[in-house]
Amino acid sequence: MSLRRDHGHEPGHGHDHGRDQAHGQSHGHTHEHGTGKAAGNANANGNKPGNAHGHDHGHDHGAGGHSHGVSADADRRWLTLALALIGGFMAVEVVIGVAAQSLALISDAAHMLTDAASIVFALIAMRLAARPAKGAFTYGLKRAEILSAQVNGLSLLLLGAWLAYEAVQRLIDPPKVEGGLVLVTALAGIAVNIAAAVCLSKANRSSLNVEGAYQHILNDLFAFIGTAVSGLIVVLTGFVQADAIATLVVVVLMAKAGYGLLRESGRVFLEAAPAHIDPDALGDRLVREPAVTEVHDLHVWQITSGQNALSAHVLVDDAADCHTTRRDLEKFLAAEYGITHSTLQVDHAEHAGLVGVGAGHCEDAHGPVHRAGPHDH
């Protein structure tokens with residue numbers, strides 16, 4: 001492997017740091033990204049061909065490699081089967097709900113409509129996310145599935161608000177409900193939703209896209225259970241308000257699931273660190289690695305579900321080998337944090353007058369500066 005690095009920096013040499021490093025570096029040194037990174041990651045990260053990088057793109061993913069997102073073919077089959085089950089039963093339920101004057105059944109049918117829509121969005125997003133990165137879309141369209149998750153979360157909240165309003169109206173002025181018809185239909189709905197949930201559980205739920213569709217169906221399953229209970233209560237006691245009460249219980253579940261999807265997808269769009277990674281703790285851990293004296297401009301974000309990325313500026317002892325240190329850090333990030341897309345700018349701390357932040361170099365570091373020993377975050 002040919003490793004090249006020009007250490008002829010002069011003080012005050014310009015760098016594009018932090019998050020911008022991963023997308024448009026303009027360093028005056030040349031280096032090769034280490035092993036364990038995606039092939040062609042420099043292109044995916046938007047490095048400019050004219051910025052003096054001498055990258056050798058001989059990247060691989062180790063013995064077994066790694067993949068991102070969902071297994072498109074297998075997951076599409078499971079989602080399509082779930083869509084067929086949901087769509088077929090939904091049409092029947094609308095007719096029965098109107099005949100039985102049951103808001104719980106009608107709300108279940110409306111919820112199933114959003115279930116079907118969420119699966120359609122998921123299928124479309126899968127196809128878009130599978131397109132290769134090119135042109136202005138240096139990561140491809142991988143975040144289409146995150147957008148799908150946001151749509152699913154928002155639809156759960158909006159539908160829940162409408163159902164809550166209708167349920168309150170029916171508590172005040174309850175119509176006559178055919179409890180027996182509601183009970184039988186709800187029991188059938190439970191069976192259909194269990195089958196659909198099993199289908200989606202076999203898909204890759206680490207994808208927020210698939211998880212959004214799964215949450216829709218899971219909430220619909222809870223809705224049918226509540227509807228079946230309300231139908232039984234109406235049959236046994238004649239208490240027709242049970243239908244509206246069951247709807248309100250489902251609304252709470254929908255609000256919880258919708259908020260969760262919006263929160264998680266929002267974190268991705270706002271480029272927050274993955275929920276399981278504390279950037280400050282990660283920075284402190286990196287400076288404990290051999291030869292590392294400082295880490296700053298540390299950024300961790302998600303490209304899409306299950307695909308995390310990191311960029312950082314690392315200063316090492318003057319006697320250390322920059323390339324060896326970089327490769328060791330990349331292996332550490334991949335093994336300990338599952339981060340296989342990393343862009344590390346490694347410099348000698350004392351070389352050419354680079355003495356970290358505030359010495360004519362990285363005057364405006366993004367985020368905290370991590371050094372050995374106690375320091376502020």
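# Chatting through a pocket and some charged pairs

Trainee: What volume does the second largest pocket have?
Mentor: The second largest pocket has a volume of about 200 Å³. Keep in mind that this is a predicted model.

Trainee: OK, and which helices supply at least two residues each to its lining?
Mentor: Those are helix H7, residues 208-237, and helix H8, residues 241-269. H8 gives the most, with six residues.

Trainee: Which residues line that pocket, then?
Mentor: Among them are Arg205, Glu211, Lys256, Arg263 and Glu264. You'll also find Leu208, Ala257 and Leu261 there, along with Ser206, Gln215, Gly260 and Ser305.

Trainee: How does the lining divide into nonpolar, polar and charged?
Mentor: You get three nonpolar residues, four polar ones and five charged ones.

Trainee: Switching to salt bridges. How many are there?
Mentor: The count comes to five. Side chains of opposite charge can pair when their charged atoms come close. Let's go through a few.

Trainee: What about phi of glutamate 271?
Mentor: Phi there is near 60°, which is a positive value in a residue other than glycine. Another residue with a positive phi is aspartate 297, where the angle is near 50°.

Trainee: Where is aspartate 297, and is it buried or exposed?
Mentor: Aspartate 297 is found in strand E1, residues 292-304. With 1% relative accessibility, aspartate 297 counts as buried.

Trainee: Back to the pairs. What does arginine 371 meet?
Mentor: The side chain of arginine 371 forms a salt bridge with glutamate 294, at 2.8 Å from N to O. Arginine 371 lies in strand E4 (residues 370-371) and glutamate 294 in strand E1, so this pair links parts 77 residues apart in sequence.

Trainee: Which residue does arginine 326 pair with?
Mentor: That would be glutamate 330, with 3.8 Å from N to O in the salt bridge. They are four residues apart in helix H10 (residues 322-337), so about one helical turn separates them.

Trainee: Are they buried or exposed?
Mentor: Arginine 326 is buried, with a relative accessible area of 2%. Glutamate 330 is buried as well, at 3%.

Trainee: Last topic: arginine 170. Where does it lie?
Mentor: Arginine 170 lies in helix H5, residues 144-172. It is buried yet has no salt bridge.

Trainee: What is arginine 170 in contact with, then?
Mentor: Leaving aside neighbours within four places in sequence, arginine 170 is in contact with Gln101, Ser102, Leu103, Pro175, Asp243 and Ala244. So aspartate 243 is in contact with arginine 170, but the two don't make a salt bridge, because the cut-off is 4 Å.

Technical notes
Residues numbered from 1 in each chain as written. Predicted model: local features only at pLDDT ≥ 70, side-chain atom pairs only at ≥ 80, totals over all residues. Heavy atoms only, no water. 1 Å grid on protein atoms, 1.4 Å probe; cavity = no way out; pocket = protein on both sides within 12 Å on 5 of 7 lines; lining within 4 Å. Points joined across faces, edges and corners; volume = space filled by probe spheres on them. Nonpolar A, V, L, I, M, F, W, Y, C, P; charged D, E, K, R; others polar. Buried < 20%, exposed > 50% of the residue type's maximum accessible area, 1.4 Å probe, protein only. Lys, Arg positive; Asp, Glu negative; His and termini not counted. Contact = heavy atoms within 4.5 Å.
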